2 protein chains.
Amino acid sequence: METILPKFDSVFSIDCVIFGFDEGELKILLIERNVEPFKDWWALPGYLVEENESLDHAAERILYELTGLRDIFMDQFYTFGDVDRHPQGRVVTVAYYAMLRLNGPKELKPVTSYAKSAVWYPINDLPKLAFDHSKIFERGFLKIRNKITYQPIAFELLPEKFTLTQLQHLYEVILNKSLDKRNFRKKMLNYGILKELDEKQKGVSYRAAKLYKFDKRKYAKLFQKELTFGK
Amino acid sequence: METILPKFDSVFSIDCVIFGFDEGELKILLIERNVEPFKDWWALPGYLVEENESLDHAAERILYELTGLRDIFMDQFYTFGDVDRHPQGRVVTVAYYAMLRLNGPKELKPVTSYAKSAVWYPINDLPKLAFDHSKIFERGFLKIRNKITYQPIAFELLPEKFTLTQLQHLYEVILNKSLDKRNFRKKMLNYGILKELDEKQKGVSYRAAKLYKFDKRKYAKLFQKELTFGK
DNA sequence: AATATAAGGTGTATTTTTTACACTAAGTAG
DNA sequence: CTACTTAGTGTAAAAAATACACCTTATATT
């Protein structure tokens with residue numbers, strides 16, 4: 001009986017849908033490709049997995065190489081494996097998403113030469129993307145829209161201290177609908193995962209709002225409840 | 001600038017966690033391997049993706065080859081890519097799950113020679129599995145346990161006509177807790193996706209229960225509501 | 001025919017959660 | 001001190017979730 005693993009030319013890649021929230025807009029990170037195929041096109045940050053590297057490790061590395069950031073909450077959400085998705089051969093890509101806290105306008109500088117630049121693009125105004133990256137983005141966006149309805153992951157996108165109005169706007173942008181202010185606040189505060197701070201917003205030309213912090217401890221507990229179904 | 005896709009010896013595979021519900025037990029389909037590595041071990045049904053075959057197609061094909069069944073609701077749920085998960089080389093596996101309707105005890109006959117046999121195993125009594133298949137099973141099981149709390153996918157596992165008690169037992173098995181009969185019925189009937197039939201159970205030595213059918217039309221509508229978040 | 005057995009089938013009161021809805025308070029800018 | 005802009009708050013109604021126990025019906029047994 002044959003025991004040798006059959007092989008064919010194939011390779012894995014990682015593509016990342018990296019969300020950020022800035023100036024009231026939901027954005028994703030795109031790179032401008034510097035290599036064929038799709039040279040000069042915009043694309044999701046992604047790269048090939050190395051031979052001795054796990055998928056999770058590759059995702060972390062690639063995110064790091066493109067943003068300089070580490071320890072980001074990142075999750076694999078789908079693997080795209082259509083035969084002809086890459087014009088040069090068989091490339092199966094594992095898609096991850098991440099939600100980044102943008103601490104002010106940070107310069108993005110690719111450390112690999114295969115990208116000319118990396119920029120934040122508002123998701124409502126995306127250019128045409130290389131490969132099947134539009135499809136990957138759509139699925140990633142669907143994923144977070146879905147997830148946010150049962151897990152308050154939105155915090156990942158906000159600065160450490162935020163106002164309830166900022167939080168609500170973020171929900172509204174992700175869900176693409178407007179929410180009732182009083183009900184939203186009631187619900188969020190009821191989760192018990194927000195810590196009210198003794199601080200207020202600064203630099204606004206109107207009444208400053210209270211700042212809140214996200215309580216990781218209590219969030220972890222709530223997260224556990226994902227599997228409930230009543231008695 | 002280099003434009004040739006780097007390659008290394010690598011290959012993709014599919015592994016399937018195929019759930020069935022039989023004799024009041026939740027089971028998965030396992031095969032007995034006939035080839036190295038892990039010859040004679042039990043493993044999830046899985047196989048290598050072919051060169052000109054998409055992942056979804058490969059999953060369908062493999063499920064068909066191992067069960068003779070087609071048109072099964074199947075979903076990709078995770079991709080496992082640890083470097084050393086396969087002793088003979090780099091194999092990234094894309095895991096799918098399926099929920100099968102077992103119409104009576106059906107014979108399972110592998111049509112490939114790499115499996116000696118295929119059998120249904122109760123999930124509470126699984127043998128040691130080849131590769132990282134235990135991990136894959138766990139994650140697949142978690143997936144359906146999670147999903148069943150917000151989508152009534154349990155129907156996939158039941159015969160076309162079923163009683164409410166059978167449905168409840170299935171929920172109890174998947175969620176691993178007992179549910180209140182009256183509340184369960186109220187909830188299920190309230191979904192509005194069950195059609196009450198004019199038929200009753202047969203062959204039982206006690207009062208026969210009414211049979212129900214699952215209404216696919218209405219289910220599709222309910223499924224759409226997945227993304228709601230109130231006003 | 002009577003009885004035992006085993007599951008089928010049903011209702012109500014309570015609590016919790018969700019929804020709808022509008023005005024006053026506080027700070028800033030001129 | 002006035003105008004402007006956002007912050008911040010409560011209540012009533014409806015809907016959903018929960019806790020809980022008994023009678024009914026078909027079959028099998030004597």
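Strands here are DSSP runs of E, at least two residues long, numbered from the N terminus. All the views below come from a predicted model.

View 1. In chain A, the loop between β2 (25-33) and β3 (42-43) holds Pro37(A). The peptide bond joining Glu36(A) to Pro37(A) is cis, and its omega comes out at about -10 degrees. Keep in mind that most peptide bonds are trans. Stay in this loop between β2 and β3 of chain A and you also find Asp40(A). Its backbone has a positive phi, near 75 degrees, even though Asp40(A) is a residue other than glycine. Is Asp40(A) buried or exposed? Asp40(A) has 11 other C-beta atoms within 10 Å, and the cut-off for exposed is 12 or fewer, so Asp40(A) is exposed.

**View 2. The β2–β3 loop of chain B.** Over in chain B, Pro37(B) sits in the loop between β2 (25-33) and β3 (42-43). A cis peptide bond links Glu36(B) and Pro37(B) here, with omega about -10 degrees. Most residues other than glycine have a negative phi. Phe38(B) has 16 C-beta neighbours inside 10 Å, so it counts as partly exposed.

**View 3. Cys16(A) and the largest nonpolar core.** This core runs to 95 residues, and Cys16(A) and Cys16(B) have the most contacts inside it. Strand β6 (residues 90-100) of chain B is the top contributor, giving nine residues to the core. Now zoom in on Cys16(A): which residues does it contact, leaving aside neighbours within four places in sequence? They are Leu44(A), Pro45(A), Gly46(A), Ala59(A), Ile62(A), Leu63(A), Tyr96(A), Tyr97(A) and Ala98(A).

**View 4. Where α3 and α4 of chain B cross.** Helix α3 (residues 164-175) and helix α4 (residues 181-191) of chain B have axes that come within 11 Å and cross at roughly 105 degrees. On the α3(B) side, Leu164(B), Leu167(B) and Gln168(B) make the contact, meeting Lys181(B), Phe184(B), Arg185(B) and Met188(B) of α4(B). The contact residues split into four nonpolar, one polar and two charged.

Notes: Residues are numbered from 1 along each chain as its sequence is written. Chains are lettered from A and ligands numbered from 1 in the order in which they are written. This is a predicted model: local features need pLDDT of at least 70, side-chain atom pairs count only at pLDDT 80 or more; totals for chains, interfaces and linings use all residues. Axes are lines fitted to C-alpha atoms, for helices over the stretch in contact, and angles run from 0 to 180 degrees between N-to-C directions. Helices (H or I, at least four residues) and strands (E, at least two) are DSSP runs, numbered from the N terminus. Two residues are in contact if their C-beta atoms, placed from the backbone, lie within 7 Å. Ala, Val, Leu, Ile, Met, Phe, Trp, Tyr, Cys and Pro count as nonpolar, Asp, Glu, Lys and Arg as charged, and the others, Gly among them, as polar. A nonpolar core is a set of buried Ala, Val, Leu, Ile, Met, Phe, Trp, Tyr and Cys residues joined through C-beta atoms within 7 Å. A residue is buried if 20 or more other C-beta atoms lie within 10 Å of its own, exposed if 12 or fewer, and partly exposed in between; C-beta atoms are placed from the backbone.
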